[in-house]
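Me: I have a structure open here and would like to go through a few points. Can we take them one at a time?
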Amino acid sequence: MGKTNAFDTKRPLGLESVLSSLPNCVMIVDRDLQAINCSVAGLNIMGVASIAELPEGAPATCVAASHKPIFQESMARAFDVRPNRNIEPFEVKLEFPDGRAMLTLCNLAPLANPEGDVDAVLISFQDITAHKNTEKKLEQADSILKSILTTIPDAMIVIDESGLVSSFSSTAEKMFGYPQEEIIGKNVKILMPEPYRAAHDGYIERYIRTDEKRIIGIGRTVVGCRKDGTTFPLQLEVGEAKIGNERYFTGFIIDLTEKKQTEAELQSLQADLAHASRLSAVGTLASSLAHEINQPLTAIANYLSAARDMMDGDLSENREFFREALQESVSESLRAGIIVRRLREFVSRGEINRGILSIAQVVEDATVLGTIGAQEKGVEFSIDIAPDTNHVFVDRVQIQQVMVNLMRNAIEAMSDSAEKKLHIGVTSIDDERVEISVSDTGSGIDQELGERIFDPFASTKGTGMGLGLSICRTILEAHGGTIRAEPNPGGGTIFRLTLEKAEEEQDVDE
């Protein structure tokens, strides 16, 4: 192992110093592939203290059997080429006597003696085991990502911090109509209609600058644009990942077209059911309505009949009574007109028409129909509206339907009560919500039913279908409100409704 030759005896001064400082395993071998010298790092890798302790025939004997052919072929070529001409690097696996193994990148550099002949080759082994493991893991990750992109049921899109698409799943291809090869490298805003398209780059820039999360980690319903230009609603969930100093954003997308259509159909069915419920309520009110309207009509007939009789006498003496009769006739006709108008609005199918309305006016209008016939049944009615209740953003007819339903239920619940008191209260809960309470002194609600009284077909009436309160809850929830029932301390039940307040001058976009 201590063999010398012409190259060995005339090595430049400082070679030992160079070999001691190199980080890789570097060897110089002669034509017999015997090691002449070795870097300190190489000795450490080989597990020896000196070149004399190297395994017999090293480094060739340390090359794995599967890599020996390429190593021997490359070494032969290195001795045949002109000096100072490198051979293409190649991968070699080294196996050491202690069982260790190392995958290396091998570089060969022919070295010439003073006569100009190549009689030694410098071999550099660079450990690439970790690099190859990382490369393998990256390949595995890439394979997994491709598998995910192919099989994930939701559309998935990955973009960089410039908004350029780096991954586009198969589901996304079907959803947007773009093949992957056409969309990769393009700005993701191509998948958005205006005005979102123009503003998108600004959203990313602002987030990178401020780290203020406005959509990341928060689901949001937005609008997408297909390749053919058609738009559709979608649910977007965005996540963020960092690779080194680069940021990537992953978007998971669900097409809401079918869901929105289903919601629209459900809303239409609910509106039909609410309309049918109003018609049913009017049916139960028919007798009381006839009586309520008949009263002003009878009064009008009496006043006009008296006025007609007075015309046969001295008009100058009866002028004031004549004027009073006509005035009362006008008042009674207006009273009947209000009842008819409210009834017509109440039974109208109509479209949902939400607006900013005075809650006091909504409640007072509802009592016109809700308390019809109550006086004849001995019900004492009172209403108390706090001055700070302000306005709400509601559909007037639907909220009146809730009020009428609760008032009619209360009147019916007090039919056998010794004390019959119906009270409507309107108060502010806080700056954002208003509460309407409808209390009675009736028989109360069966405790076994509890909150189930708001479920469909849960009825306390022998002839009821149990849809009234369920419809009330549906209407209130659609308005962002709530409804609950609790026992009245004085006997009976209190229903409490909440609605969101609205500023009178607020321009609300529904």
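Me: Is C106 buried or exposed?
Reply: This is a predicted model. In it, C106 has a relative accessibility of 0%, so C106 counts as buried.
Me: And C38, buried or exposed?
Reply: C38 is at 7% relative accessibility, which means that C38 counts as buried.
Me: How many disulfides are there?
Reply: The count is zero, taking a disulfide as a pair of cysteine sulfur atoms within 2.5 Å.
Me: What about C106, how far is the nearest cysteine sulfur?
Reply: For C106 the nearest cysteine sulfur is again that of C25, 9.4 Å away, and C106 is in no disulfide either.
Me: New topic, helix α8. What span should its 15 residues have?
Reply: Helix α8 covers residues 196-210, and at 1.5 Å a residue it should span 21 Å. The C-alpha atoms at its ends are 20 Å apart, which agrees.
Me: Which residues of α8 are buried?
Reply: H200, I204 and Y207 are buried in α8. Looking down the helix axis, the buried residues fall within an arc of 70 degrees, so they line one face of α8.
Me: What do those buried residues pack against?
Reply: Three strands: β6 (155-160), β9 (231-243) and β10 (246-255).
Me: Which residues are exposed on the other side of α8?
Reply: A198 and R209 are exposed there.
Me: What follows α8?
Reply: D211 does, and its phi is positive, near 60 degrees.

Conventions:
Residues numbered from 1 in each chain as written. Predicted model: local features only at pLDDT ≥ 70, side-chain atom pairs only at ≥ 80, totals over all residues. Heavy atoms only, no water. Helix = DSSP H or I, 4+ residues; strand = E, 2+ residues; numbered from the N terminus. Expected span 1.5 Å × (residues − 1). Buried < 20%, exposed > 50% of the residue type's maximum accessible area, 1.4 Å probe, protein only. Arc of directions from axis to C-beta. Contact = heavy atoms within 4.5 Å.
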